[in-house]
Each structure stands twice: as structure tokens, then as C-alpha cells.
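Subject: A structure for you to look at

Hi there,

I am passing a structure on to you, with some notes on what turned up in it. Please have it open while you read.

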Amino acid sequence: MTHTARRIGRTLALVLPVVMVLSGTLAVTRVQWSGQDTETQLLTAASETVSKQAKTRAPQDVLRDKLLLELREKDPGAALTSLQRTVEGRPSLAKHCMSIAKALGKAAVDQYGPTRAHRFSRPVCDTSFASGVAQFS
């Protein structure tokens, strides 16, 4: 009898913590963390939103965002210099140079105003920066 009781005790000692951890984990996934009143909200790793891949961004979009950030942090002159160097280094981006320079011109007008933004104009991408400044001023 002692042997059987000891065996049951060992089994419970191994199984009980596993059951407690699993039940606690399942209970936590049922809690509505977002505060929304949706009854079917579950936090599972197999969710559709988790399995979707992030959209890849085109190189010109990445460059535009990087240069707009540089324009905000430094000035339009630094962003135009970076644009020119990047296009020289990656000629495949040359066809997007004009649109990026116009976007920089618009951002410069938004940040510095039209008069001050014109001071940063230089012949990068057929003066598209100046065209962007003039268009959005």
C-alpha cells in the first residue's frame, strides 16, 4: 500500500505543476487586454495577423522617408546632398530622384516656409527641389 501511495504522490507531483501552468496560460490568453468589448478576442500565436508577412517597401520609399527624416533633423541641404550621393551610388534610383526631390521641397516649405526653403535649392535631379518648393508655396 505504501508503494502505491508513493507512486500516486510522485505522479501528482509531476503532473500537477504542468496542469497549473497550462491552465494559468490559457486563462491569461482569455483576458481582454485591449479593453474592447469583444467576446471572441483570443491571443494565440496561430492568429491570422501574426502569420501575415510584413509588406516590403520599395527602395525609393525607404530612401524618401530617410531623407525626409534627415531634412527634419538637419536641413534640406543635407538631405539633398544625401539624395545626390545615393543616386550616384545606386543609379537604379535615378528615375525616382525627381519625385523624391519634390517631396523634399514640399517638406522644406512646410518646415521653413517658402522664402527660406528656396535658399536650399541646388541642381539636384533637374532642380526638382525648387519645383517642389514653388509648387507648394
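A word on terms to begin with: a residue is called buried when its relative accessible area is under 20%, exposed when that area is over 50%, and partly exposed in between, using a 1.4 Å probe and protein chains only. By that scale Asp61, at 27% relative accessibility, is partly exposed.

Please keep in mind that this is a predicted model, in which local features need pLDDT of at least 70 and side-chain atom pairs count only at pLDDT 80 or more, while totals for chains, interfaces and linings use all residues. Residues are numbered from 1 along each chain as its sequence is written, and side-chain values use heavy atoms, with hydrogens and water left out.

**The chain as a whole**

The chain has 7 helices and 0 strands; helices (H or I, at least four residues) and strands (E, at least two) are DSSP runs, numbered from the N terminus. Of the 137 residues, 24% are buried. The accessible surface is about 10,000 Å², and carbon and sulfur atoms account for 58% of that; these areas come from the Shrake-Rupley method with a 1.4 Å probe, and for residues only the protein chains shown count as cover. Taking contacts (heavy atoms within 4.5 Å) between residues at least 6 apart in sequence, 60% join residues at least 24 apart.

**Helix H3**

Helix H3 covers residues 59–73, and its 15 residues reach 21 Å from first C-alpha to last, close to the 21 Å expected at 1.5 Å a residue. That expected span is 1.5 Å times one less than the number of residues. Which residues of H3 are buried? They are Gln60, Leu63, Leu67, Leu68, Glu70 and Leu71. Seen down the axis of H3, they fall within an arc of 160°, so they line one face of the helix; the arc is that of the directions from the helix axis to the C-beta atoms. These buried residues pack against helix H4 (76–89) and helix H5 (97–112). The face turned away from the buried side carries the exposed residues Arg72 and Glu73.

Glu70 deserves a look of its own. Glu70 is buried yet has no salt bridge, and the nearest side chain of opposite charge, Lys74, is 4.1 Å away. Here a salt bridge is a side-chain nitrogen of Lys or Arg within 4 Å of a carboxyl oxygen of Asp or Glu, and charge means Lys and Arg as positive, Asp and Glu as negative, with His and the chain ends not counted. Leaving out residues up to four places away in sequence, Glu70 touches Asp75, Ala78, Ala79 and Ser82.

**Salt bridges**

How many salt bridges does the structure hold? There are 3.

- Arg57 pairs with Asp65, with the closest N and O atoms 2.0 Å apart. Arg57 is partly exposed at 48% relative accessibility, and Asp65 is partly exposed at 37%.
- Arg64 meets Asp61 at 2.9 Å, N to O. Both lie in helix H3, 3 residues apart, about one turn of the helix.
- Lys106 pairs with Asp110, the closest N and O atoms being 3.2 Å apart. Lys106 is partly exposed at 35%, whereas Asp110 is exposed at 55%.

**Pro114**

Finally, Pro114 sits in helix H6 (residues 114–118). Apart from neighbours within four places in sequence, Pro114 is in contact with Val109, Val133 and Ser137.

Best wishes
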